[in-house]
Amino acid sequence: MATPTSIRPPIAPPEWSPAENEAARRMTVVWVATGGVLLAGLALVGLLLRLIQSTGVLSDHWFYALLTLHGAGMVAVTLMALAMTVWALLRNELPLRNSVSVIMYALTLLSGVLVIVATLAGKFGTGWTFLYPLPEHPGPIAGWNTGWTYLYLIAVALLALAFAVWGFEILHAGIKRFGNPGRMFGLDIVTGRTKPGDPNTTNPTIIAAGVMAVEGIATVIPGAVVIILMIISNADPSVKFPALVIKELIYFSGHMLVNFDIYLGAAIAYAVLPVYAKRAWPAAKTLIVAWWVIGVLIILPYWHHLYMDFAQPAGLDIIGQAASYASALPSVVVTIFGAVLIVYRSGIRWSPAPLFIFAGFAGWTIGGTGALIDATPALNEYLHNTLWVPGHFHTYMALGAVMFLLGGVYHATPLLTGRPLSERIGSIGARFILVGGWIVVGTFFTSGALSIPRRYAYVPIPRFADAATVGLAGACIAGVGVVLIAGDLLRVYVPSMRSAPPPTPAPVVAAAEDLGQ
Amino acid sequence: MPPEYTIGYVMIAATVVLGAGFIFTALSARKGPDDYEPIHHAGYAVRRYWFVGVMCLGLIGFAFTLPHMANPLFRTPSPNDATVINVTGQQWSWTLSTDTIPANQDVVFRVTSDDVNHDFAIFDSSGNIVGQVQAMPGYVNSLYYKFSVPGTYTIRCLELCGLYHTAMVSSLTVTSAGG
């Protein structure tokens, strides 16, 4: 029978040399600065899309190219920015190698450059989901040359590879730190051999990151298959593959990638919110089991993307609905409920970091509700491919995952650069983003309920006009917040890339103040 | 009321209730800091009911909506009664074997595509979707529907299919029964 003494003693947290610390700090600063610029730029592309729909200021050709850039860019940048924020938060607990961060940065940057070139230079405009066989079959009046399709497909493969590398490194470092996967994922706590909260045990951020790491690696396999098949077919269009099978593979991987965003956001929230609420959020048994359940259930709901493909067996539709509903349970009952408890009557001061994090929980919950409605086959018939879809995913992505990201960045900035982002600009920017953002998603949902199609460069439906105008106004309000925060981010981060002020961790400052120094 | 509007009102209600919950919690934080232990303890007791409540809501929603899904498995009318309309999508137009049908007649649209994925969506005269199905190359998807209201229905493509996706419009006339 196992006793506490039989457990392999934990390997101590990593002790980095000053040079290693500085190299990692600089690399993280580069990640944050790049991610901040790209996210702000892509958000403004989103604003431009609404402007085109309202005013026709640019051609359809540009609309679909920018739509693809906005979608692919946001999925990629948000994913890697969240993953690297989790990385930065875990670096003092897991031996994460900076050389791997450099490799991921190179892969991500190259992927981003290829997407930008394919869309802006090549006008590649299939939407980020690149549904087969559209990339190789742009139509009688071609929106793009199929040569650009290769660039886009390779870009997608590079992004998936970058995330898989992240996954391998998280697992490698976690197993190295804890001695075995069981302890990394909290098996010792669930079996009662170790108490939650023990400094030598895993924590919620590590478990969430670990589950996403496993899923990220699993996603690469179908993703690679689909990319290879589509490259072959693009080279020789006489080679045909079953469109339904390709769609299944694309949506399996695409659904997973987007879900990683929100779950990585939760991983950040576990690390940040307790600091400001001054309440512990340990890896309790229920939380650990909830993440194991998420690890299984995240795989199954993707069939809800194919409800309107009646060639798909109805049994898979039923599984898709059941799994979509079931996958909400661990989040709603454990993580979101846990966040509410942590905040309730905590005396928390709503500085930007906790404000963004808690706002992220609201976006996740409400966006998730819209997603569950759409994941109901009987209702999907009325909502599928309408603006309801961008309604729910902008709610949990822009007002959920990106809020978690900003919360993590505001929290980590003093540790990375030696000085904080402006609290005043952050608070004002947050209000602009939240007010404008909720107006935008409100108009998306309203338009969806009015059966307005998504992905229309020009919407020839009169009742869309008011929603488009209000949505544009909301996007402009949110845009002010985005510009304010991005500007402040550059103000703090750019000098920190050039010179190397020794990081001044907030706890050190607090300790010094306590000592009257 | 069209189903879309009902869905919209449900979403508004859910947003108001959930949003109020988050705002209430955020504002409650101004009253602290309270000792966490009793809150934690009480919260865990409440969570059991929350878990059961959320699960029941999901089960009721699942059971109530499942029989209404659009998949032909749940909607197959008697083949003898159905009027068959063959539909083919291509960049960027629709070809229908007929564009006029009588009201109150079971109709089966057999939908496919000659090139890329399209989405065959039928809008009533008010602009609300009454039914849709994907048009996928190499597959035939059957959409069953009975038009009870005569008039002109608009067909649009809802799956991005290239540069002139928005121009892929056609129409369907539903005449009074027998007329």
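Trainee: How many salt bridges does the count come to over all chains?

Mentor: The count comes to 8 salt bridges over all chains, and since we are reading a predicted model, please take each distance as a value computed from that model. As a general idea, side chains of opposite charge can pair when their charged atoms come close. One case is the pair A:Arg26 and A:Glu22, whose side chains meet at 3.0 Å, N to O. Because A:Arg26 and A:Glu22 are 4 residues apart in helix α1 (residues 18-55) of chain A, about one helical turn separates them.

Trainee: Which residues are joined into one network by salt bridges that share partners?

Mentor: Those residues are A:Glu22, A:Arg25 and A:Arg26. Within that group, A:Arg26 is partly exposed at a relative accessible area of 33%, and A:Glu22 is likewise partly exposed, at 21%.

Trainee: Where do A:Glu169 and A:Arg97 lie, given that their side chains meet in a salt bridge?

Mentor: The salt bridge between A:Glu169 and A:Arg97 has an N to O distance of 2.5 Å, and the pair links distant parts of the chain, with A:Glu169 in helix α4 of chain A and A:Arg97 in the loop between α2 (60-90) and α3, 72 residues apart. A:Glu169 is buried, with a relative accessible area of 2%, whereas A:Arg97 counts as partly exposed at 38%. Another salt bridge brings A:Lys247 and A:Asp309 together at 2.6 Å, N to O. Here A:Lys247 belongs to helix α8 (residues 243-277) and A:Asp309 to the loop between α9 (285-297) and α10 of chain A, so the pair ties together parts that are 62 residues apart in sequence. Both A:Lys247 and A:Asp309 are buried.

Trainee: What is the nearest side chain of opposite charge to A:Glu136, which is buried yet has no salt bridge?

Mentor: That side chain is A:Lys240, 4.3 Å away, and the salt-bridge cut-off requires the nitrogen to be within 4 Å of the carboxyl oxygen. A:Glu136, in the loop between α3 (98-121) and α4 (147-178) of chain A, does have a polar contact of 2.5 Å from its side chain to that of A:Ser233. Beyond its sequence neighbours, A:Glu136 touches residues including A:Thr146, A:Met230 and A:Pro237. The loop between α3 and α4 also holds A:Pro133, and the peptide bond from A:Tyr132 to A:Pro133 is cis, with omega near 0 degrees.

Trainee: Turning to chain B, what is the strand order of the open sheet of 4 strands?

Mentor: In general, strands of a sheet pair through backbone hydrogen bonds, either parallel or antiparallel. The order in this open sheet of chain B is β2-β1-β4-β7, with mixed pairing. Its edge strands are β2 (93-96) and β7 (141-146), each of which pairs on one side only, and the twist averages 25 degrees from one strand to the next. Strand β4 (residues 106-113) and β7(B) run antiparallel and are joined by 6 bridges, and B:Phe109 has B:Leu143 in β7(B) as its bridge partner.

Trainee: Why is strand β5 of chain B described as largely enclosed by the rest of the structure?

Mentor: In a regular strand the side chains alternate between the two faces of the sheet. For β5 (residues 118-123) of chain B, 6 of the 6 residues are buried, so the strand is largely enclosed. B:His118, B:Phe120 and B:Ile122 are buried on one side, and B:Asp119, B:Ala121 and B:Phe123 on the other. β5(B) runs antiparallel to β6 (residues 129-135), with 6 bridges between them, and B:His118 stands opposite B:Ala135. β5(B) also pairs in the antiparallel sense with β8 (residues 151-157) over 4 bridges, where B:Ala121 stands opposite B:Arg156.

Trainee: What lies between β5(B) and β6(B) in their hairpin?

Mentor: There are 5 residues between the two strands, and B:Gly127 in the turn has a positive phi of about 95 degrees. The loop between β5 and β6 also contains B:Asn128, which counts as buried at 3% relative accessibility. The side chain of B:Asn128 makes polar contacts with the side chains of A:Arg463, at 2.7 Å, and B:Tyr5, at 3.4 Å. Among the other residues in contact with B:Asn128 is A:Ser451, which has a positive phi of about 65 degrees although it is not a glycine.

Note on methods:
Residues numbered from 1 in each chain as written. Chains lettered and ligands numbered in written order. Predicted model: local features only at pLDDT ≥ 70, side-chain atom pairs only at ≥ 80, totals over all residues. Heavy atoms only, no water. Buried < 20%, exposed > 50% of the residue type's maximum accessible area, 1.4 Å probe, protein only. Lys, Arg positive; Asp, Glu negative; His and termini not counted. Polar contact = N/O pair within 3.5 Å; in protein donor to acceptor, adjacent residues only side chain to side chain. Contact = heavy atoms within 4.5 Å. Pairing = 2+ DSSP bridges. Axes fitted to C-alpha atoms, helices over the stretch in contact; angles between N-to-C directions. Lists of a residue's contacts leave out its neighbours within four places in sequence.
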